[in-house]
Amino acid sequence: MSFIEDFLKLSSGNACPEPFMTWSALSLLGAVSGKKIWTMHGDTFPIHSNLYVCMVGTPGSGKSTAMNYAEKLFLKCFPELMVSESVQSREDILRKMGSDQCEKTWKDDEGLLGEPGKILTYRPFYCLVDEMENFVSVDEKKMVATLVGIFQRDSFGTGFKNDPNKNQRIFNPYMSLLGCTIPEWMMSSLRESLFVGGLGRRMIIVHATKDKDIPNPTLPAGYGDIMKRLEAHLFQVESHKAILKRTPEADKFWLEWFLNPKRKNKEDPVLMQFHETMHIMLLKVATLLALSDNPTARFIEIQHLQKGVILFSRLEKDVIRLTSGIGRNELAGVGARV
C-alpha cells in the first residue's frame, strides 16, 4: 500500500476531491524529504522535492479538508519543524528560517556530497496556507519575489542590511507550500505576478470541484491503522538519505518524453508557463511517487515518470477551466507581455 493510496483513504467517507488529496500527499512527502533526498537533472543539477501547490476551488469544495489532513500529520510527526502563520510577512518568514530553531542537521554517511560522515544542515519551512490572499496580503510583490527566489536555491539573501543581528544570507533553505484559494482571487489579484513574475513556472495549480455530497461524513474503516501507517511512512522518509537514480527503462522514457516537441504549448500564455519548467516538476514528482511506493527508495522507475506525466496532464484541463471560468479575459495583458 503506497503512502498516497493510504492518504486517499482518509477522505473516502467525505466529499473531498481526489486531486486535492493526491497533491496534498505529494506536498507533505516533499516537505518531509528535505535536502537529503534528491535526483539529478544531468550531471550538475540536483533536484530536491519541495513543491509549491495551490489548490483552487469554490468555498466548500474540499481544499481546506485536504490541507488539514496534511497539516495534522505534519504537526503530529514533526512538531519541531517550522510552519507558517496564516498571515505572515516575508521578513518574519526569513528571520525564522535564519534562526537556530529552523536549522536541521543530517549525517552524510555514504558520502553523497563528497566526504563520508560529514554533518550537513538545511532549513525546512512549510507554508500551510488556508487562504493565499491573506498569506500574501502584507506585501504581495515581496512575498511572490521571495517564493520565486528561494524555490531551488542553495542560499538566499535576506536583504536585511540595517540590523547586524539579522542574518544576511540563509544557506540551504528548503521552502515548501501547500495553499488554498478561490478562482476569482487566483486570476484577478495574483495573475500578473503569478504568470509574469515566475511563480507560475514553480507553482502547481490544482483546480477541482466537489462531485458528490455526503450528509454525514464518516471516518474510513481502519482509520487508526491508516494513520499509523502514514506516520510510520513519514518517519522513514524523514530519516532516508539518497540520490534517486532512474532505471534504464525510466531513463529511456525520460529521454523520449523530454525530446518530444509536441509536449509544450507555445500559444496559450498559461500553459506556456506551465510547460516551461515541467521537466523539473516531473523529476520532483517522480521522486515523490517513488518515495510514496517505498519510503527508502533509491530508484525512480518508469511507472513513476508515467504517473507523473498523467498527473500533470490532468492539471492542464483544470488550469484551462480555471482561467476560462472567470468570465472575463484576465490574461490579455499577461499574454501581451509574455
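A residue is called buried when its relative accessible area is under 20%, exposed when it is over 50%, and partly exposed in between (1.4 Å probe, protein chains only). By this criterion Lys76 is exposed, at 54% relative accessibility. The structure is a predicted model, in which local features need pLDDT of at least 70 and side-chain atom pairs count only at pLDDT 80 or more, whereas totals for chains, interfaces and linings use all residues. Residues are numbered from 1 along each chain as its sequence is written, and side-chain values use heavy atoms, with hydrogens and water left out.

Salt bridges were examined next. In general, side chains of opposite charge can pair when their charged atoms come close. With a salt bridge defined as a side-chain nitrogen of Lys or Arg within 4 Å of a carboxyl oxygen of Asp or Glu, a search of the whole structure finds 14. One of these joins the side chains of Glu231 and Lys76 (3.0 Å, N to O). Because Glu231 lies in helix H9 and Lys76 in helix H3 (residues 63-77), this pair ties together parts that are 155 residues apart in sequence. Helices (H or I, at least four residues) and strands (E, at least two) are DSSP runs, numbered from the N terminus. In contrast to the exposed Lys76, Glu231 is buried, with a relative accessible area of 13%.

Helix H9 (residues 223-239) also contains Arg229, whose side chain meets that of Asp6 in a salt bridge (2.8 Å, N to O). Asp6 belongs to helix H1 (residues 3-9) and Arg229 to helix H9, so the pair links parts 223 residues apart in sequence. Asp6 is buried at 3% relative accessible area, while Arg229 is partly exposed at 38%. When residues up to four places away in sequence are not counted, Arg229 is in contact (heavy atoms within 4.5 Å) with Asp6 and Lys9. The C-alpha atoms of Arg229 and Met1 are separated by 9.3 Å, although the two residues are 228 apart along the chain.

Lys252 is exposed, with a relative accessible area of 52%, and Glu256 is partly exposed at 47%. Elsewhere, salt bridges that share partners join Glu85, Asp92 and Lys96 into one network.

Helix H10 (residues 248-258) also holds Leu255, which is partly exposed at 45% relative accessible area. This helix lies across strands S1 (37-41), S11 and S12, running at about 70 degrees to S11; axes are lines fitted to C-alpha atoms, for helices over the stretch in contact, and angles run from 0 to 180 degrees between N-to-C directions.

Two strands pair if DSSP finds at least two bridges between them. An open sheet of four strands has the order S2-S1-S11-S12, with mixed pairing. Its edge strands, S2 (45-48) and S12 (299-300), each pair on one side only. Strand S11 (residues 242-246) runs parallel to S12, joined by two bridges, and Arg246 has Ile300 in S12 as its bridge partner.

Strand S6 (residues 118-129) is largely enclosed by the rest of the structure, because nine of its 12 residues are buried. Five bridges join S6 to strand S5 (residues 104-108) in an antiparallel arrangement, with Lys107 partnered by Ile119 in S6. Seven bridges connect S6 with strand S9 (residues 173-181), and these two run parallel.
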